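These are my notebook entries on a single chain, taken in the order in which I looked things up.

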Amino acid sequence: MRVCVLGAGYVGLVTGACLAASGHGVRVLDVDLARVETLQGGQSPIYEPGLDDLVRSGIASGNLVFDAMPRGLEKAEIIVVAVGTPSTAMGAADLSYVRSAMEEVAHRAARGTTVVMKSTVPPGTGASLSANYLEGTGIGYVSNPEFLREGNAISDWFNTDRVVIGATDPDLAEAVRALYAGIDTVFLECDVNSAEMIKYASNAFLATKISFINEVARLCDRVGANVQDVARGLGLDSRIGASFLNAGIGYGGSCFPKDTRALDYLSASNGYDFHLLKAVIEVNARQRLLPVMVLTERLGKLVGAEIAVLGLTFKPGTDDTRESPGLDVARMLAVEGASVRGHDPIGVVASEHGFVQAESIAEALRGADACVVAVEWPDYADIAWSDVASLMRAGAVVFDGRNCLDRSAIETAGLEYIGVGVP
């Protein structure tokens, strides 16, 4: 099929590359000409395992083309909208990029074209967009939310748990099914509003599991229980499952924080107070304070303390620092007067965050009174603490914000280990 993808960001780029790998003719369009040039050279501007190879092979096959908006829209059978929907100051989803994309579609796409909405939009958006932009154009609209995990996106595309298709016309739903030909999965067809809600509800539920286990971890600290054993016991129950039950310093990234806030805003604007969701958001924000509170207690004061923060992306396997717990922890420690050195194997942050980014783990740890491990990168889980302990101050504190380190090795090296919900 002839496909145009609007937006060469994370979702649009992965979508375009994967559709091209499946044999579709794909043109990915973006307003950022520098990004388009980079992609035309076969290089991805974002870090995602396997994506560079997929982009290069797509270009070589002729199935994948990168171009500036809005070239080629009129020739597409399918137009995938994959532009950003960032949070407004009030927490609502900012739909300005989506509306701009729909204006281009309405003016340029041919009758019989199908618009496939990949951007995460609140329930009711599809109906509004169809009424405001597509009325009388002969262009169809389908909601097809994405469930890609950063760091595992390509695998998730080809081995997805489900494909959700929200459409009012069975022929439109069938056109979207054809995009996924060859992928063995469950296809769930429903109305547009329900498809939009599935995306928000999925992310909110996963965020709830994370905040729940973090609350359990705080209670474990008070009663002397081990949250890792508790989580294992919970996860063995098939009704609950083991995923997203790893205690730590909270979730981050481009989806969970944004989507939980947007769902909370949607609830309030529709006259409903979503108490549970508010608690999930509050717990996640509070969890980031935990390393600061613990180090204040252990060190006596943070002013002048030398502290290393290892992990500035929001999770391993990505260079995405959006809503990163580690980045927030580093900034809070710096505000409290600590001298902070951050480190990350992939992610790079701007200097205005108030701390220095070290080029190596050893540089970050040198002279440190304490270390906070904020991301479970293998680089940190594999640290030889017997070798690096001499770089740190005697008896320095290692705060394991992801319960991913070798406690025995840390304590044998003469350092103090503190985990989350671990006695």
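I began with the term that my first entry needs: I count a contact wherever heavy atoms lie within 4.5 Å. The model I worked from is predicted, and I read every value below with that in mind.

Contacts. Taking the contacts in the chain with a separation of 6 or more, I found that 71% of them are accounted for by residues 24 or more positions apart.

Fold and extent. I looked up the secondary structure and noted 17 helices and 14 strands in the chain. The radius of gyration is 23 Å, close to the 22 Å that the globule rule gives for 423 residues, so I recorded the chain as being as compact as a globular protein of that length. Along its principal axes, the C-alpha trace spans about 70 × 50 × 40 Å.

Burial and surface. Of the 423 residues in the chain, I noted that 53% are buried. The accessible surface comes to about 18,100 Å², and carbon and sulfur atoms hold 52% of that area.

Charges. I located the mean positions of the 34 positive and 52 negative charges, and they are 2 Å apart.

Cysteines. How many disulfides does the structure hold? I found zero, and then checked two cysteines against the cut-off, which asks for sulfur atoms within 2.5 Å. For Cys220 the closest cysteine sulfur is in Cys404, 18 Å away, which is too far for a bond; Cys220 counts as buried, at 5% relative accessibility. For Cys371 the closest cysteine sulfur is also in Cys404, at 9.9 Å, and this again is too far for a bond; Cys371 counts as buried, at 0% relative accessibility.

Terms used:
Residues numbered from 1 in each chain as written. Predicted model: local features only at pLDDT ≥ 70, side-chain atom pairs only at ≥ 80, totals over all residues. Heavy atoms only, no water. Buried < 20%, exposed > 50% of the residue type's maximum accessible area, 1.4 Å probe, protein only. Helix = DSSP H or I, 4+ residues; strand = E, 2+ residues; numbered from the N terminus. Rg over C-alpha atoms; globule rule 2.2 N^0.38 Å. Areas by Shrake-Rupley, 256 points an atom, 1.4 Å probe, with all protein chains shown as cover. Lys, Arg positive; Asp, Glu negative; His and termini not counted. Charge placed at Lys NZ, Arg CZ, Asp CG, Glu CD.
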